[in-house]
Amino acid sequence: MNTAADIMTANPVTVTPGTTLREAAKLLLDGHFNGLPVVEGGRLVGMLTQSDIISMDKKVKSPGFFLILGGYIPVQIPGQLSRDIQRMAATTVGEIMTPEPFTITPQTSVEEIADIIVEKRYYSLPVVDNGKLIGIVGMEDMLKRLAGDE
């Protein structure tokens, strides 16, 4: 049975929370990566994906209101507008990364990885062993396996 250790990209390209979004976007484009592990002090602290960067351009929804007894009641989740605005103004990876990302181990089976990719829609999976990032499995790694290009 193939595992993450068999198909992962070892020693992946990483960024830090202080990396500029411009630098990170260039790394994503140049390397044809969907996501980059965010590492600080040798530990995985987050994940930055293409979607995280693209979401900076999404429209901020103005808060909805409804009227009760002459008073306006906001319908928006508390803090959501503030988070959306902060995201749009972000300049570093740490400001928009997904903290505490979903991870897999070297022993995770290829079948489990396929389930995670399809069901959870996580397209870049950091491989962690004893708390240390040792690799990453992306959709391309899965395709290479199926194409016999290991």
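A pocket is defined on a 1 Å grid over the protein atoms alone as an open set of points where a 1.4 Å probe fits, with protein on both sides within 12 Å along at least five of seven lines, and its lining residues have an atom within 4 Å of a point. The volume is the space filled by probe spheres set on the points, with grid points joined across faces, edges and corners. This is a predicted model, in which local features need pLDDT of at least 70 and side-chain atom pairs count only at pLDDT 80 or more, whereas totals for chains, interfaces and linings use all residues. Residues are numbered from 1 along each chain as its sequence is written, and side-chain values use heavy atoms, with hydrogens and water left out.

**View A. The largest pocket and its lining.** The space in the largest pocket comes to about 390 Å³. Its lining is made up of 20 residues, among which H32, F33, N34, G138 and E140 are the closest to the centre. Two or more lining residues come from each of β2 (35-40), β8 (132-138) and α7, where helices (H or I, at least four residues) and strands (E, at least two) are DSSP runs numbered from the N terminus. The most is given by α7, with five residues. By class the lining holds ten nonpolar, seven polar and three charged residues, with Ala, Val, Leu, Ile, Met, Phe, Trp, Tyr, Cys and Pro counted as nonpolar, Asp, Glu, Lys and Arg as charged, and the others, Gly among them, as polar.

**View B. The second largest pocket.** Here the space is about 280 Å³. Of the 16 lining residues, M47, T49, T98, R121 and Y122 lie nearest the centre, and the elements that give two or more residues are β3 (43-49), α3 (50-54) and β7 (124-129). Seven nonpolar, six polar and three charged residues form this lining.

View C. K144 and E140, four residues apart in helix α7 (residues 139-147), are separated by about one turn of the helix. Their closest N and O atoms are 3.8 Å apart, and a salt bridge is counted when a side-chain nitrogen of Lys or Arg is within 4 Å of a carboxyl oxygen of Asp or Glu. K144 has a relative accessible area of 36% and E140 has 48%, so both count as partly exposed, the class between buried (under 20%) and exposed (over 50%), with a 1.4 Å probe and protein chains only.

View D. The side chains of K26 and D30 form a salt bridge with an N to O distance of 2.9 Å. Both residues belong to helix α2 (residues 21-31), and both are exposed.
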